[in-house]
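Here is a short note to read beside the model. The points follow the side chains one by one.

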Amino acid sequence: MAENPSERGQMQGAARDDSGDDPRVAFIFQEAIRGLTQQQALVENMNTRAGSLIFATAFASSLLGGRALADGVGPWDWLAVALLFCIGALVVFLLWPYHKYTFRFDPEELLSQYVDGDRAATMSVMHRALALRIKADMADNWRIIQRLRVALQIALIFLLMNILAWLFAIVQIGR
């Protein structure tokens with residue numbers, strides 16, 4: 001059944017409370033916050049994985065490297081050591097605290113922009129503006145996260161290559 005314009009206006013008015021705030025905008029804002037929280041958890045997860053990578057590399061190198069270097073230094077040993085340094089450099093890149101993530105707002109900026117001005121903003125206006133800002137912050141964060149994700153993947157491949165190089169040195173392939 002087709003609704004007439006006056007019914008549509010009443011339905012839209014019913015979706016707002018007395019202050020003119022739209023609960024749909026509040027919902028969208030909450031979803032934006034949820035997305036940003038998930039992104040922050042992803043960064044923390046990658047930091048944890050980098051720590052695990054340090055442990056795995058140290059364990060593999062101490063276990064296999066000692067045995068491989070017992071009979072001298074060959075080409076596989078040099079390759080394993082070079083890979084060890086590459087993994088170390090990638091882990092430093094992953095864990096270095098220079099990244100400029102944005103996971104929260106500056107309270108002073110929020111007060112000056114939405115509360116202390118000539119006319120205080122409604123919650124709908126605030127939620128809408130902040131949801132759009134969260135979207136931009138998430139895009140900026142995502143560029144950093146993608147670089148770190150690639151670095152982690154390369155470091156994991158180097159770890160596998162490092163283990164193989166140590167094993168080849170142990171069985172003396174190519175000597």
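1. Phenylalanine 168 has a relative accessible area of 28% and is therefore partly exposed (buried is under 20% relative accessible area, exposed over 50%, partly exposed in between; 1.4 Å probe, protein chains only). This is a predicted model: local features need pLDDT of at least 70, side-chain atom pairs count only at pLDDT 80 or more, and totals for chains, interfaces and linings use all residues. Residues are numbered from 1 along each chain as its sequence is written, and side-chain values use heavy atoms, leaving out hydrogens and water.

2. The whole structure holds three aromatic pairs (rings of Phe, Tyr and Trp, the last by its six-membered ring, with centres within 6.5 Å; planes under 30 degrees apart are stacked, over 60 edge-to-face, the rest tilted). One of them joins tryptophan 76 to phenylalanine 168, edge-to-face, at 4.8 Å centre to centre and 65 degrees between the planes. Tryptophan 76 sits in helix α3 (residues 75–95) and phenylalanine 168 in helix α5 (residues 123–171), 92 residues apart. Helices here are DSSP runs (H or I, at least four residues), numbered from the N terminus. Tryptophan 76 is partly exposed, at 24% relative accessibility.

3. Asparagine 162 also belongs to helix α5. It is buried, at 0% relative accessibility. Beyond its neighbours within four places in sequence, asparagine 162 contacts Ser61, Ala80, Leu83, Leu84 and Ile87 (heavy atoms within 4.5 Å).

4. Aspartate 22 is in the loop between α1 (5–14) and α2 (23–69). At 7% relative accessibility, aspartate 22 is buried.

Terms used: Helices (H or I, at least four residues) and strands (E, at least two) are DSSP runs, numbered from the N terminus.
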